[in-house]
Structure formats: C-alpha cells, structure tokens
Amino acid sequence: MDFSSVSVLCLGDVMLDRFLYGSMERISPEAPVPVLLLDNRREMPGGAGNVANNITALGGHAVLIGLVGKDEAGGLLRSALARQTRVVDATVATVNRPTICKTRFIAANQQVVRADEESRLPLQPAEAAALRAAIDARIETVQAVVVSDYGKGVCGPQVLEHVFSAAKARNIPVFVDPKSSDYRLYCGATCITPNGKELAAASGMPVGTEALTEAAARKVMADAEADAILATRSEKGMMLVRRTGEVLSVPARAREVFDVSGAGDTVIATMALATGAGHSLEQAMRVANAAAGVVVAKLGTATADIQEVSHELDEQSGPDEMPHLLPLAAARAQVQRWQSRGLKVGFTNGCFDILHPGHVSLLAEARAACDRLIVALNTDDSISRLKGPERPVNTLDSRARVMAAVRYVDAVVAFAEDTPLEAITALMPDVLIKGADYKPEQVVGADVVIAAGGSLVLADLAQGHSTTATIGRIRRV
C-alpha cells in the first residue's frame with residue numbers, strides 16, 4: 001500500500017491548534033480559579049490543516065487551501081506548514097478576519113479550558129474569488145479533493161459550487177466532511193462522511209440501528225445527489241451506503257483506549273488517498289477503518305502512519321477471522337482488504353482430493369505469481385458428478401483443513417457448481433492460475449479476470465503425479 005504518488009487538495013477552514021501545558025498548584029487570590037504555571041507550548045495546523053497532516057502521515061501529498069489572517073497566529077501557521085515537506089501551502093491571506101486559533105490549556109493531561117479566536121463574518125466576495133483562483137491553480141495536480149467544512153466561512157456556496165464543478169470536469173473524486181445540516185450545499189460529492197450525530201441532524205431521522213442509519217443516509221444522499229454516504233458510527237464501526245450496490249458495514253475493533261479526537265479527519269484523509277490511488281470506495285473504507293482504529297487508540301488528536309495502518313489491517317484479518325474454510329462473502333471481504341493494501345490476489349481451483357507433489361508444485365508456482373493465494377475446492381457432490389460416485393476419497397472439511405495448512409495458501413473457499421465461475425466473479429482476483437495442460441481459451445473465468453485488468457498464468461505441472469494414480473496404487477497394495 002503506497003500513497004506516495006497521490007496528491008489531495010484539502011479545501012476548508014484552516015486553523016492553528018495551540019496547546020499550552022503547565023501545572024496547577026494553587027487557587028488565584030483574585031478569583032476562585034486555578035493558576036496554571038505554563039512550562040511548554042506546541043502549535044500545529046488544525047481544521048483542514050489536520051486533514052493535510054493525516055495525508056502526509058500516510059505517505060501522500062497535500063495541497064492546503066483556506067483563509068489565513070495577517071496576524072501572529074497566521075505567521076505561526078505558515079511556519080508550521082513550511083516545515084512539512086509534502087504539504088503545498090496554497091492558503092489565501094485575508095485582511096477581513098483573524099486566523100482561526102484554538103488555544104487549549106492543559107494540566108495533568110487534562111484540558112482545563114479552551115479559548116477560540118475567530119470571526120463570524122460571512123465569506124467576502126474578494127475572499128471567495130481568491131479561493132476559487134487557488135483551486136483553479138492547483139486542481140490539475142491532484143487525484144482527489146477533500147472539503148473540510150467546520151462552518152467557519154470558507155465553505156460558502158460559491159466556493160463549493162466551484163470546486164465541485166472543477167473536480168467533476170476532471171473526473172476527480174470529492175470527499176466532504178460536513179458541518180452544515182443542509183446537504184444540498186454538497187451537491188455532486190462523491191462521498192460525504194458524517195458521524196452519527198451529524199447524520200441524524202441532517203436527515204431529521206434516528207440512527208440508532210444499522211437499518212435506521214441506512215435510511216437516514218439514503219435521505220441525505222438524495223438531497224446531495226451524492227454517490228455515497230460513509231457514516232462513521234464511533235465504536236460501532238462504519239457503514240457505506242451507495243446510490244447503487246449493496247450496503248457494507250465494518251465493525252470497529254475493541255480498544256483499551258478510545259479517544260475519537262481527530263478520527264474524522266483521519267477517515268476522510270484515508271478515503272481520499274485510497275480512492276486517489278485507484279481503490280474502490282469499499283476498499284478505501286476498510287483502509288480508513290483501520291486508520292481510524294489506530295488513532296482512537298491514541299490520546300488526543302493524532303495521526304496514523306502507513307506502517308501502523310498496515311499492521312492494523314493484518315490484525316483485523318488475523319487467525320480468528322481466517323478459518324480453514326471461508327464462506328464466499330467472507331472471502332470476498334478478505335480479498336478486498338488485501339487489494340486495498342495493494343496486494344495482488346491469486347486464485348486457483350480443483351478437487352485436491354488426495355494432496356500429492358504435483359499439487360504442491362502447482363500451489364508453489366501459483367503463490368509465486370501473487371501476494372496472496374485463494375484456493376477454491378469442489379464440494380463433495382460436485383466431485384461426485386465429475387469423477388464418479390466413489391469420489392471424493394476425502395470430505396470437503398478434510399480437504400480444506402489440509403489445504404489451509406499448506407504454506408503457499410492464504411485462504412480456502414468451496415464451490416458447489418460444476419465450474420468455479422461464480423466464485424471467480426464474486427472474488428475478482430488479480431491473477432487466475434491453472435495448470436499448463438489447459439489452453440487459455442479453456443480456462444473458466446479467464447475472460448472475466450482479464451477484462452477486469454487481471455492476468456492468467458498457466459503453471460507447469462510436475463509429471464508422474466495424479467490422484468487417480470495414487471488411488472490405483474493404494475488398491476493394488
């Protein structure tokens with residue numbers, strides 16, 4: 001999984017996050033409030049700037065567009081951006097408002113108070129024109145757009161209409177982290193990522209269950225004429241509702257620490273990066289869920305790097321989730337997780353009734369052609385139809401247990417039909433592997449895989465080995 005070639009335009013309310021740390025040892029004689037003795041401070045880009053932080057932490061590049069005042073906070077913000085080598089500072093200077101600044105006073109790892117500096121002045125015509133010009137100057141250089149709306153003025157209708165139009169003309173996906181409850185402002189978005197509270201407010205509907213969440217998502221999706229809604233549901237995980245296609249939910253993994261600060265920024269940053277890299281929304285959601293799992297396990301606003309996300313994806317697909325025989329739906333989800341990480345998935349099939357050196361040679365060559373290998377086994381009834389009533393020798397469960405133990409094999413599924421076409425179509429592997437005794441036109445599913453951009457490999461077979469010959473030798477003993 002490599003996002004180093006992906007650039008994302010981050011448009012929205014940029015702010016300076018300032019943290020002042022100290023200790024409290026006494027109460028002020030002037031008023032019944034604690035006295036905070038400051039001993040450290042930290043400043044970093046916040047708001048849309050934190051989305052850019054997440055993008056660079058995952059290995060991508062960000063172009064940041066927003067408004068910055070001509071003041072001390074603005075200078076500190078620009079200095080912080082200048083230190084980030086993979087962020088292009090395309091922010092617009094304004095004299096009409098101060099730089100948005102959130103100052104948090106912290107003692108004993110607890111936030112004591114937060115002081116916000118901002119203007120509630122509506123977006124001015126000159127500011128809107130400058131933001132549109134910044135979008136036009138950078139839109140050709142990116143593979144995805146994030147609109148990070150904090151309701152502070154940047155995401156006015158004239159700016160949103162412009163960025164949606166510019167992105168649509170170039171077939172660039174746009175992801176929206178919404179603040180407004182009127183999703184008509186986000187008309188044309190590829191995907192909007194509300195949390196449960198935001199979705200309930202925008203739809204005017206309850207979201208306590210998956211069914212209710214889906215209904216609410218479909219309502220706001222229609223309002224926005226969006227392609228999809230990704231509802232983030234805190235400890236319940238995520239739900240992707242698309243205009244067409246089935247609804248997909250992924251659970252959140254249990255955490256000892258659960259701090260959702262900044263998790264929304266992580267989710268939308270990961271969705272934009274993964275989609276910009278060519279992954280589907282479903283694949284991107286699984287990566288985003290893993291990235292969110294990393295950041296909620298950290299205290300405070302945090303980011304996840306690509307190594308942490310890859311490890312989390314591995315944890316999510318650990319031994320407990322990989323039994324020796326996977327249902328087809330579970331195998332499809334596993335394939336999508338692998339592919340979302342940029343791994344090449346291979347597929348081969350057969351009866352594999354009595355495993356012999358010829359089988360092992362085929363599996364070794366198949367695994368060499370991919371990063372992960374799925375083996376599809378004929379069911380017992382299917383083998384009987386193909387080989388006769390005395391076969392199989394070993395039951396499906398026995399064959400699956402042996403196959404799952406082979407070091408070249410990463411997952412095992414079964415198919416009851418006479419051919420594996422249905423399984424191939426459902427899993428859509430990147431590589432289809434069969435023995436070299438087949439001609440390309442004889443390989444079932446090869447046309448489907450190749451049409452989807454995959455490939456066919458015909459593996460050499462070790463001579464002198466077959467299940468039928470093995471059974472014959474056994475009978476002669």
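Reply: Let's start with a term: two strands pair if DSSP finds at least two bridges between them. Bear in mind that this is a predicted model. In it, an open sheet of four strands runs in the order β3-β2-β8-β9, with mixed pairing.

Me: What makes β3 and β9 the edges of that sheet?

Reply: β3 (34-47) and β9 (110-117) have a single partner strand each, so one side of each is left without a neighbour in the sheet. On average, neighbouring strands here are turned by 20 degrees against each other, ignoring direction.

Me: How do you know that β2 and β8 count as paired, and in which sense do they pair?

Reply: The cut-off is at least two bridges, and strand β2 (residues 14-27) has eight bridges with strand β8 (residues 100-107). So they count as a pair, and the sense is parallel. Within that pairing, methionine 15 stands opposite isoleucine 100 in β8.

Me: Which helix packs on the sheet, and which strands does the helix touch?

Reply: That's helix α1 (residues 48-57), touching β2 and β3. The direction of α1 makes about 70 degrees with that of β3.

Me: What makes α1 mostly covered?

Reply: Nine of its ten residues are buried. Among them are Ala48, Val51, Ala52, Ile55 and Thr56. After α1 comes glycine 59, which has a positive phi near 100 degrees.

Me: Let's turn to the rings. How many aromatic pairs are there?

Reply: The count comes to two. The rings of phenylalanine 19 and tyrosine 21 have centres 6.5 Å apart and planes at 20 degrees. The limit for centres is within 6.5 Å, and planes under 30 degrees apart count as stacked, so this pair is stacked.

Me: Why is phenylalanine 19 called buried, and what is tyrosine 21 called?

Reply: Buried means under 20% relative accessible area. Phenylalanine 19 has 9%, so it is buried. Tyrosine 21 has 22% relative accessibility, so it lands in the partly exposed group.

Me: And the pair of tyrosine 183 and tyrosine 186: what is that one called, and why?

Reply: That pair is edge-to-face: the ring centres of tyrosine 183 and tyrosine 186 are 5.6 Å apart, and their planes stand at 65 degrees. Angles over 60 get that label. Tyrosine 183 is buried at 2% relative accessibility, and tyrosine 186 is buried at 0%.

Me: What makes the charged end of arginine 42 sit over the ring of phenylalanine 19?

Reply: The distance is one part of it: the charged end is 4.9 Å from the ring centre, where the limit is within 6 Å. The label also asks for a position within 35 degrees of the ring normal, and arginine 42 is counted as sitting over the ring.

Me: Now some backbone details. Which residues other than glycine have a positive phi?

Reply: Asparagine 171 is one of them, with a phi of about 60 degrees. Asparagine 171 lies in the loop between α4 (157-169) and β11 (174-177). Another is phenylalanine 352, whose phi is near 45 degrees, in the loop between β16 (345-350) and α11 (357-368).

Me: Are asparagine 171 and phenylalanine 352 buried or exposed?

Reply: Exposed means over 50%, and asparagine 171 has 70% relative accessibility, so it counts as exposed. Phenylalanine 352 has 6%, so it counts as buried.

Me: What is phenylalanine 352 in contact with, leaving aside its neighbours within four places in sequence?

Reply: Its contacts include His359, Leu362, Val375, Arg399 and Met403. Methionine 403 is 51 residues from phenylalanine 352 along the chain, while their C-alpha atoms are separated by 8.2 Å.

Me: Where is the cis peptide bond between arginine 391 and proline 392?

Reply: Proline 392 is found in the loop between α12 (380-387) and α13 (396-405). The bond from arginine 391 to proline 392 has an omega near 10 degrees.

Me: And the whole chain: how many helices and strands, and what share of residues is buried?

Reply: There are 16 helices and 20 strands. Buried residues make up 50% of the 477 residues. The chain exposes about 21500 Å², with carbon and sulfur atoms supplying 52% of it.

Terms used
Residues numbered from 1 in each chain as written. Predicted model: local features only at pLDDT ≥ 70, side-chain atom pairs only at ≥ 80, totals over all residues. Heavy atoms only, no water. Phe/Tyr/Trp six-rings, centres within 6.5 Å; stacked < 30°, edge-to-face > 60°. Buried < 20%, exposed > 50% of the residue type's maximum accessible area, 1.4 Å probe, protein only. Helix = DSSP H or I, 4+ residues; strand = E, 2+ residues; numbered from the N terminus. Areas by Shrake-Rupley, 256 points an atom, 1.4 Å probe, with all protein chains shown as cover. Axes fitted to C-alpha atoms, helices over the stretch in contact; angles between N-to-C directions. Contact = heavy atoms within 4.5 Å.
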